[in-house]
Amino acid sequence: MATHTTKTCPVTGDPLGDWPVTAAEDVRAAVERARAAQPAWNDLGLERRLERLDRLSTALRDRLDDFAERISRDTGKPPVEALATELLSVPLFLDHYRRTAPDVLARKPVPNPIPLPGKRAWAGWFPMGVIGIISPWNFPFQLSIIPAISALIGGNTVVLKPSEVTPLTTEVLQELVDAAALPDHVFQIIPGDGSTGAALVEANIDKIFFTGSLATGRKVMRAAAERPIPVELELGGKDAFIVCEDAPLRRAARGAVWGGLLNAGQMCISVERILVVDAVYDRFVSMLEDEVSQVRVGPPDESPDMGAMTFPPQLDTVDRHVKDAVERGARLLAGGRRLRDRGLFYAPTLVADVTPEMAIWREETFGPVLPVIRVRDEAEAIARANDHEFGLTASVWTRDQERGLRIAESLHCGQVMINDVVLGVGNPALPFGGVKGSGIGRYHGPEGLTSFMHRRAIMADRGLLSADPTWYPYAGKYEALRAIIEAFIDRSPLPLFKAGTDAIRSRLGG
Ligand code: NAD
């Protein structure tokens with residue numbers, strides 16, 4: 001088993017060093033420390049936990065430029081994207097949850113089906129305990145810190161295993177956590193590779209929150225079944241981008257190019273399937289050509305629109321998909337090749353006349369490539385969009401909001417935008433997650449908090465009677481219960497156990 005991982009800079013190709021892999025016994029020890037720290041963290045109460053977590057935000061302020069530069073060097077993304085897609089997430093989500101968590105996590109009264117006086121019921125929440133988080137390399141900061149914050153707010157402690165592909169960002173995360181001075185072992189970060197992740201799933205955690213590929217997600221779920229613990233899987237995507245005849249075409253073209261090339265296309269929500277109705281297909285493809293040609297690619301010091309890719313093997317996948325598409329008859333209208341002698345730069349690529357059997361249509365490409373397919377009409381667009389292993393995000397482009405909503409509601413995926421792209425994930429109030437091969441579960445929004453909590457139901461009686469009407473003895477109660485069942489079926493007023501309720505009322509004085 002490897003004891004270290006190495007890294008080269010995606011921008012320059014220079015070696016950046018090596019980093020330790022946390023061994024299984026150290027993973028288990030971290031989980032036990034997290035378990036010991038959890039009750040005190042929970043006992044602080046929501047208000048004080050939110051105050052403590054706010055220090056993550058304030059600690060970020062002085063470090064924004066430094067962190068943006070290091071994340072950029074680690075991933076290849078331009079510093080402006082490090083700010084927008086990574087660092088902004090901390091104050092954005094903390095602000096949102098500061099305002100919404102007290103209500104979302106509050107114990108709330110629940111009506112009783114048979115309104116007997118003296119009885120009350122509530123539903124509340126309690127933290128699961130120790131949450132294991134495993135994150136990928138494409139948004140190594142954001143996809144680590146948002147689930148961690150969400151779990152911590154509810155009173156859980158966290159052990160995070162970030163991706164070995166982005167070790168500089170792991171250091172950034174550790175520095176931020178240290179600067180926030182949270183109580184010891186409440187939020188621990190364990191660097192390492194897949195073996196560390198596997199050890200975390202097998203350790204004594206209470207839930208695993210995994211973001212990564214479908215292949216690894218399957219392994220995580222299998223391992224989690226052994227204990228068993230709840231599993232949340234945020235996996236791959238193949239965003240369908242549907243262009244209707246009445247679409248605002250220029251906006252759609254610019255949206256497709258940004259949504260497909262942002263983060264060099266290495267996004268689970270990246271535009272990866274552009275479906276255009278026949279009536280506007282040729283016009284739209286030529287607009288895409290125009291927009292793609294204006295995208296500037298390069299290292300951070302050239303203030304580019306698009307940076308380098310992050311993970312060397314990902315370039316091979318991109319290359320394979322583009323070649324396969326061209327061999328099968330697609331038209332390569334831009335890009336399709338690496339750029340520069342150094343670093344992981346790939347040209348913004350536009351491939352038209354794609355067909356569904358091509359790898360570029362069926363598999364996740366995770367690179368700066370825009371595949372376009374011609375469809376007869378909206379019905380075919382919806383059918384093709386849904387005919388896929390993945391179901392994470394999609395968008396619909398039309399000037400008719402009703403049509404947009406109708407199409408949105410017929411798509412099998414977790415999030416749909418109308419005349420917009422990507423930004424749904426940046427709205428902390430909106431639940432995020434996929435269906436089918438894109439995963440199981442939701443986070444962000446209220447679900448982002450409650451998915452790390454167990455529900456707890458409480459029922460109470462004021463204790464004024466020595467027994468309830470439903471308890472022993474049963475003699476004489478058959479008819480009354482029959483009448484209750486019939487009343488439920490007929491939706492008519494419920495007959496009450498008269499003797500019991502009269503007794504309760506007289507004790508309550510009413
Ligand atoms: P990956 O599955 O290779 O790795 C993800 C994480 O799992 C890494 O930290 C890795 O070390 C760890 N890991 C590897 N083997 C493991 C094992 N056996 N047990 C436990 N952990 C293990 O994914 P990646 O290449 O880092 O990320 C890219 C993938 O992530 C893409 O498919 C992308 O679509 C997906 N993704 C999904 C979302 C989402 O929110 N749905 C967001 C970003 C990325």
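Student: Is Phe311 buried, partly exposed or exposed?

Tutor: This is a predicted model, where local features need pLDDT of at least 70, side-chain atom pairs count only at pLDDT 80 or more, and totals for chains, interfaces and linings use all residues. Residues are numbered from 1 along each chain as its sequence is written, and side-chain values use heavy atoms, with hydrogens and water left out. Buried means under 20% relative accessible area, exposed over 50%, and partly exposed in between (1.4 Å probe, protein chains only). Phe311 has a relative accessible area of 26%, so call Phe311 partly exposed.

Student: And Trp137, buried or exposed?

Tutor: Go by the relative accessible area again, which is 10% for Trp137. That makes Trp137 buried.

Student: What kind of aromatic pair do Trp137 and Phe366 form?

Tutor: Rings of Phe, Tyr and Trp (its six-membered ring) pair if their centres lie within 6.5 Å; planes under 30 degrees apart are stacked, over 60 edge-to-face, the rest tilted. For Trp137 and Phe366 the centres are 5.5 Å apart and the planes at 85 degrees, so the pair is edge-to-face.

Student: How many residues apart are Trp137 and Phe366?

Tutor: Trp137 is in the loop between strand 5 and helix 6, while Phe366 is in the loop between helix 13 (359-362) and strand 16 (369-375). Helices (H or I, at least four residues) and strands (E, at least two) are DSSP runs, numbered from the N terminus. The pair links distant parts of the chain, 229 residues apart.
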